[in-house]
Every structure is written in structure tokens, then in C-alpha cells.
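The stops below are given in the order in which to select them.

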Amino acid sequence: MEPEGSTKSKRKRKRVELEVSPEEHVHADAAVDRISNLPDSILCHILSFLPTKEAVATSILSSSWNSLWTLVPALDLDSQSHFFPCKTVVILELWNGIAVDPPSSFEFPSLKDLRLVHVFFRNGDCVQRLLSGCSVLQDLKLCSDSRSGLIRFDIRVPTLKYLCLQFLTFKPSLPDYKLAICAPALECSHFDGDLGHVVFLEKLANLVEAGVWIDPFVCTREAWTKGYQIGYGDRVFRLLKALNKAKSLTLYPGNKQCVDFGSIYPSRFKNLVRLNFTLQKSNWHVLQALLLVSPNLEVLVIDKLYSRKNQLCSMEPFDGPGYVSSQLTTFRFNQYKGSKYEVEFVKYILKEARVLKTATISVCDTALKESVIEEVSTFPRSSKTCLLTVEVLH
Amino acid sequence: MKFCTVKQYFDDENNNNVTNGIATTVIPLPNKHLKIKANNKEMEQYEQELLRNVMPQELTKLILAANYLNFKEALDFFCRTVANAIQNKSVDYVRKFFGLESDFEPGEEEKLCKEFAWSFEGVDED
């Protein structure tokens with residue numbers, strides 16, 4: 001009896017103590033005062049003073065702390081042997097200023113989604129060393145710029161399904177990088193920015209979707225840009241050739257004048273069903289050439305992107321019906337103004353697309369709508385079931 | 001020290017962020033900081049003093065005050081103090097320090113423990 005009795009009284013005493021103690025008093029009425037209720041940004045600031053290992057350990061404190069450590073901007077990569085063997089990380093995003101230099105033996109065996117956004121690499125090998133440790137990687141996003149230290153590098157990932165590349169160049173650097181990609185399982189490939197030398201080592205037989213957006217490179221007459229300008233067209237078309245199995249393509253081939261484009265589209269886009277093309281005055285001929293080699297196209301969407309500096313490049317006259325696929329069912333032309341080439345183009349599509357179901361022309365200016373309806377409804381249409389719409393989209 | 005923020009604080013009538021007591025602790029800090037900038041040992045002592053005299057709750061208020069007053073050096077100092085207080089301590093100690101309770105499902109915590117086992121190496125005795 002005695003031990004229990006004494007324990008009981010001890011407990012009772014303790015309870016009394018708790019009621020009276022100022023510490024407990026504060027706990028009871030001011031939950032807001034607890035450190036853990038500080039805003040995430042401050043908690044992250046606290047964690048940033050801990051070695052990475054310890055910051056990671058806070059993930060076990062409670063569910064709200066579970067991913068707080070991942071918001072800490074600076075990771076202590078000096079403790080490589082601790083940080084890198086991360087067995088269960090599935091998504092990893094490294095960004096802004098982190099230097100990546102993984103040891104040769106490191107692994108991320110569960111990593112499926114890797115995003116490297118403006119990180120620095122000691123040298124080109126670091127990229128592949130990082131990727132080699134990811135045996136199940138499916139999604140890779142690499143946003144890089146001319147400060148990143150990447151001059152010649154590889155991306156070899158046999159499991160990769162989704163690849164998104166973005167390159168920015170800061171003057172006076174030129175986009176002078178050389179990238180070799182080996183990703184035969186790729187289903188979706190996106191490129192955005194300044195195009196250097198990009199080569200695909202294996203055919204992309206599973207490609208479903210591709211996007212290419214070549215930034216308008218500020219083309220000046222300065223000597224240092226000459227090297228970039230030469231072969232610009234070849235680089236663009238070499239990239240497009242590698243993507244020719246795509247079913248869906250979004251393309252803006254840049255604003256370089258036609259004289260810089262070399263041979264166009266040496267291969268056919270047999271699988272291409274959907275094309276979304278961003279048109280400028282200087283790339284009409286690129287659109288035409290692409291249409292010529294896409295015999296199974298069903299959906300064509302044109303978006304205009306005009307800039308004042310753009311010089312007009314002549315559109316080749318359409319000689320014969322081959323420029324429009326016999327399967328085309330949907331056609332859309334955005335930011336239509338009714339200029340000479342636009343009229344010719346729309347006329348041609350309506351005339352040649354025999355199974356066209358919907359044709360939509362959108363104008364930016366409400367005042368233009370009536371005159372466009374009037375003009376376009378006079379164009380001969382070979383498809384009797386084609387629904388023609390003119391709409392206003394600002 | 002951002003004097004414009006301090007002025008704003010005094011002008012604000014409805015100021016819940018910084019109580020007078022805290023302001024008197026934080027505002028003299030820059031002077032102390034300047035005086036003992038060259039002397040790390042004294043800063044360490046001050047830090048120990050702070051930890052002993054100031055409850056975790058008070059430290060929270062200090063951090064919020066430093067943040068509100070935009071006083072980076074003080075904010076860094078207090079945050080570093082907290083970080084040093086929990087460095088190398090066990091999960092239970094840190095939970096108590098922060099006033100946290102584990103809200104994981106049974107088994108979830110064990111799983112995390114195993115996955116992040118490498119981060120729990122070398123922990124101090126409580």
C-alpha cells in the first residue's frame with residue numbers, strides 16, 4: 001500500500017505544483033508563444049544554423065515539421081557522406097546557388113523527380129554523376145544559365161520519361177554548351193531558351209509530346225555573336241529532327257531571319273497529330289516546311305507573336321495541295337489581323353482541308369471582327385461540314 | 001539598426017508585436033553588439049545567460065521583435081541561440097523545448113526514424 005500511497009500523494013503534489021507554477025500558467029494561456037508557432041520562414045532560419053544532418057532530423061518532431069527542413073535554402077553539402085545516401089527521397093528540388101559536386105559513390109535509389117534550378121556545377125561531369133545515382137529517375141528538370149559551369153555535359157538516364165531543359169545566356173556569354181542526351185524512354189521533351197549544341201544519342205521511339213521554344217536571341221552585328229549565328233538554323237533543325245516521332249508539338253523556332261535557316265526538316269513527322277506553332281513574320285517558311293512533312297496532322301493552332309524589329313520574310317507560294325494534311329479536322333488562328341500572308345494562308349487551309357470540322361479565327365480588336373467575318377466567309381471551303389467562327393480574344 | 005522601423009513602432013498605437021519589456025531588451029542590443037563584436041567569448045557568455053534566464057517563450061517574443069524591427073543581427077543571434085540549444089539533442093528533448101507533440105500515426109514515426117537513421121547519429125544524452 002505504501003509505495004502506491006506515496007506515489008499517489010507525490011502525483012497529487014505535483015499537480016498542485018503545476019497549477020501554481022508560472023511556467024505552466026504561460027503554457028496554458030499562450031499557445032502562440034511557443035517557438036514552434038513562429039512563422040515557417042523564421043523556423044527555417046533557425047534550422048539554417050544547424051548542420052544539415054540535424055536539420056533533416058527535425059522531420060521527425062511532428063507532421064508539420066516533416067518537410068520544414070527542405071525549405072532551408074542552404075544545404076551543407078560538405079557533409080556529403082551524410083546527406084547523399086538518402087534512401088527514400090522521391091522528389092528533390094535544388095535551386096539557386098547551391099553547388100553540386102556529388103561523390104562518385106552516392107545514390108538516390110528512390111528518386112523519381114529531380115529539379116535542378118540554377119545550381120552551379122563544379123564541372124560537366126557532375127551532372128551525369130548525379131544522374132547515375134538515380135536508378136529510377138523519371139522526371140528531370142534542368143534550368144541552367146551561362147554561369148552554371150556547364151560547357152560540355154551529358155544526360156544519360158535510361159528510365160527518363162519527362163525532360164525539361166531551360167537555358168538562359170547572359171551577355172557577353174554565348175550559348176556555347178554541348179549537350180548529349182541518351183534517354184530512349186523519353187515520352188515528353190521540352191526545350192526553352194538559348195539553343196547550343198544538343199544531340200540525342202538514341203532515337204526517341206516513345207515520344208508523345210515535344211515542346212521547343214527558342215528565345216529570340218538578340219542578334220546584333222557584333223563579331224562575338226557571329227559564331228553563334230552561323231549554324232543556328234542547323235542546330236534548330238537537328239533538335240527538331242530528333243523529335244520527329246512526336247504526336248504533339250509546340251514550336252517557336254525563334255525569330256532569326258530566314259536567311260539563317262539552313263536545310264529544313266530532312267525527316268518526316270509521320271506521327272504528328274497536333275501542332276501548335278508560334279508565328280512571326282520571319283518564320284512563315286518554317287511553318288510551311290513543317291506542314292509539308294506532317295501528312296497526318298489533325299489539329300493546327302497558330303499563335304502570332306509579332307515584334308516591331310521583325311523583318312518580313314517572304315512566304316513561299318503554296319504550289320499544290322501537299323501543305324495541308326488530308327486529316328486536318330481542327331484549325332485555329334490567333335491574333336489574326338488580315339495581313340496579306342495571313343489571308344493567303346487561311347484561304348489555303350479552308351480550300352484544301354477536306355475533312356475540316358472547325359475553323360476558328362480570333363482577333364484582338366472588336367472593331368475588326370465584322371470585316372473579318374465578311375472577308376473570310378467568302379473564301380471557298382472544300383469541307384461542307386466546316387464550322388467557321390470568328391471570335392474576339394484580347 | 002533600422003531607426004525608421006523603431007519610430008514606426010512608437011508611433012503605432014495598436015502594436016501587439018512588441019511589448020515594452022522586450023523592446024528594452026532588443027534595442028540596447030546593437031550597442032552591446034558593437035561593444036563586444038570583437039569578443040566572441042563574451043557573446044558566448046551572453047548567449048548562455050540568455051538561455052538560462054529567458055524561457056523558450058520569452059525567446060520567441062525576442063525573435064518576433066527582432067523580426068518586426070528588421071534587426072538582422074539580433075534575429076540571427078537569437079535564432080543561432082535556439083539552434084545551439086537543440087543541437088545534438090534527442091527528439092524528446094527538442095519536442096519538449098518547442099512544446100511539440102508527436103502527431104504521427106502509430107508506426108509512421110518508427111518508419112521515419114529508420115529512414116533518417118543516419119541523421120540521428122551522435123546525439124547527446126538527455
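**Stop 1: a sheet in chain A**

Select S6, S8 and S10 of chain A: they form an open sheet of 3 strands in the order S6-S8-S10, with parallel pairing. Strands here are DSSP runs (E, at least two residues) and helices likewise (H or I, at least four), numbered from the N terminus; two strands pair if DSSP finds at least two bridges between them. The edges are S6 (152–156) and S10 (197–200) of chain A, each pairing on one side only. On average, neighbouring strands of the sheet are turned by 15° against each other, direction ignored.

This is a predicted model: local features need pLDDT of at least 70, side-chain atom pairs count only at pLDDT 80 or more, and totals for chains, interfaces and linings use all residues. Residues are numbered from 1 along each chain as its sequence is written, chains are lettered from A and ligands numbered from 1 in the order in which they are written, and side-chain values use heavy atoms, leaving out hydrogens and water.

Next, select S8 (residues 178–182) of chain A, which is joined to S10(A) by 4 bridges and runs parallel to it. Leu179(A) has Val198(A) in S10(A) as its bridge partner.

**Stop 2: cysteines**

Select Cys182(A), which is buried (under 20% relative accessible area; exposed is over 50%, partly exposed in between; 1.4 Å probe, protein chains only), at 17%. Cys143(A) is also buried, at 7% relative accessibility. Its closest cysteine sulfur, in Cys164(A), lies 5.9 Å away, too far for a bond. The whole structure has 0 disulfides (cysteine sulfur pairs within 2.5 Å) over all chains.

Methods. Axes fitted to C-alpha atoms, helices over the stretch in contact; angles between N-to-C directions.
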